[in-house]
Amino acid sequence: AGKGKGRSALSLERTKGSEILFGVAPCWLALERARRALFRLFLKEQRSGSARPRSGEIALQAAARGVPVLHVPGRALDTLCRGRPHQGVCLEAAPLPFRSLRDAEEPHLGRGESGSRQLLWLVLEHIQDPMNLGALLRSAYFLGVDRVVASHRSSCPLTPIVSKASAGAMEVFDVYSTDDLQGFLKAKSAEGWEVVGTVSRPEDVEDVPVISCSEFRWDKPVVLVIGSEGEGLSLETQLQCQRMLAVPPGRALHPSIDSLNVSVAAGILLHSICSQKRRHGD
């Protein structure tokens, strides 16, 4: 399509309820997996001989899915994604909802009892920053978390910003939600799972033992619960935890810099747990 055709396409009314994914990885993976309705792919117009190699692959993937491909000026892409870093690619698609735990199948437990002992679910309570949510999903996918569950209320939805921050992991990794987080944790505990909370300041926790993440031994299925950016875990959720994990600081901290970003802390905690898969699987 030429410039005129691209501009006219952009003047068309957007599909009701659609959103704009942006960036190579989110758009490529959304097209590859086709877990949501896909409407139009927008690629940045390139001068002759300067086309990005990935653009052609993405266009072919869109064509295979029956998705119209429109070549538009870069400023049109800037407008579509409101100035965010699109890397020359935007995709109009339906939103990707959380999956309901009621519809979930149990994940594969592995071979024998040793496989079931090393299941790990990540639970997110009231994560509201889409950049943090995306980073959490990227780490969870990379490190081998079996399932991610988010609290339904007061949590960030699965937006295009989340997909970009997750480097597209959101497009390939199911994310579940529950509207009864405490009930869910209580049920997992009754099933024999260890429910482990997280805390940045151990002195803020009462009635639940706090240990360093390096002291934790993964010898049964684990639910690791991460709290919100500002408040951490709610008291009601803390009381569902058998233990709390903390990341010990490497120096005496200034009072104004006494905690880690939630996604960074979660990455450290998940790695501390997941690395034990290689140390003992007996």
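The model is predicted, with local features requiring pLDDT of at least 70 and side-chain atom pairs counted only at pLDDT 80 or more, whereas totals for chains, interfaces and linings use all residues. Residues are numbered from 1 along each chain as its sequence is written, and side-chain values use heavy atoms, with hydrogens and water left out. Helices (H or I, at least four residues) and strands (E, at least two) are DSSP runs numbered from the N terminus.

Four strands make up an open sheet with mixed pairing, in the order β1-β4-β2-β3; two strands pair if DSSP finds at least two bridges between them. Strands β1 (19-22) and β3 (69-72) are the edges, each pairing on one side only. On average, neighbouring strands of this sheet are turned by 25° against each other, direction ignored. Within the sheet, β2 (residues 38-44) and β4 (residues 89-93) are joined in the antiparallel sense by five bridges, and Phe42 has Cys90 in β4 as its bridge partner. Helix α2 (residues 24-33) lies across β1, β2 and β4 and runs at about 45° to β4. Angles run from 0 to 180 degrees between N-to-C directions, and axes are lines fitted to C-alpha atoms, for helices over the stretch in contact. Contact means heavy atoms within 4.5 Å.

A further open sheet has eight strands in parallel pairing, ordered β5-β8-β7-β6-β11-β9-β12-β10. Its edge strands are β5 (99-100) and β10 (210-212), and each pairs on one side only. Strands β6 (residues 120-124) and β7 (residues 147-151) pair in the parallel sense over four bridges; Val123 has Val149 in β7 as its bridge partner. Helix α6 lies across β6, β7 and β8, at about 175° to β6. Helix α11 lies across β6, β9 (194-198), β11 (222-226) and β12 (243-246), at about 165° to β11.

The axes of α6 (residues 130-143) and α11 (residues 262-274) come within 9 Å and cross at roughly 15°. This angle makes α6 roughly parallel to α11 (angles under 35 degrees count as roughly parallel, over 145 as roughly antiparallel, 65 to 115 as roughly perpendicular and the rest as oblique). Residues of α6 including Ala135, Leu136 and Ser139 meet residues of α11, among them Ala266, Gly267 and Leu270. By class, the contact of α6 with α11 has eight nonpolar, five polar and no charged residues (Ala, Val, Leu, Ile, Met, Phe, Trp, Tyr, Cys and Pro count as nonpolar, Asp, Glu, Lys and Arg as charged, and the others, Gly among them, as polar).

Three aromatic pairs are counted. Tyr141 and Phe173 form an edge-to-face pair, at 5.7 Å centre to centre and 65° between the planes. Rings of Phe, Tyr and Trp (its six-membered ring) pair if their centres lie within 6.5 Å; planes under 30 degrees apart count as stacked, over 60 as edge-to-face and the rest as tilted.
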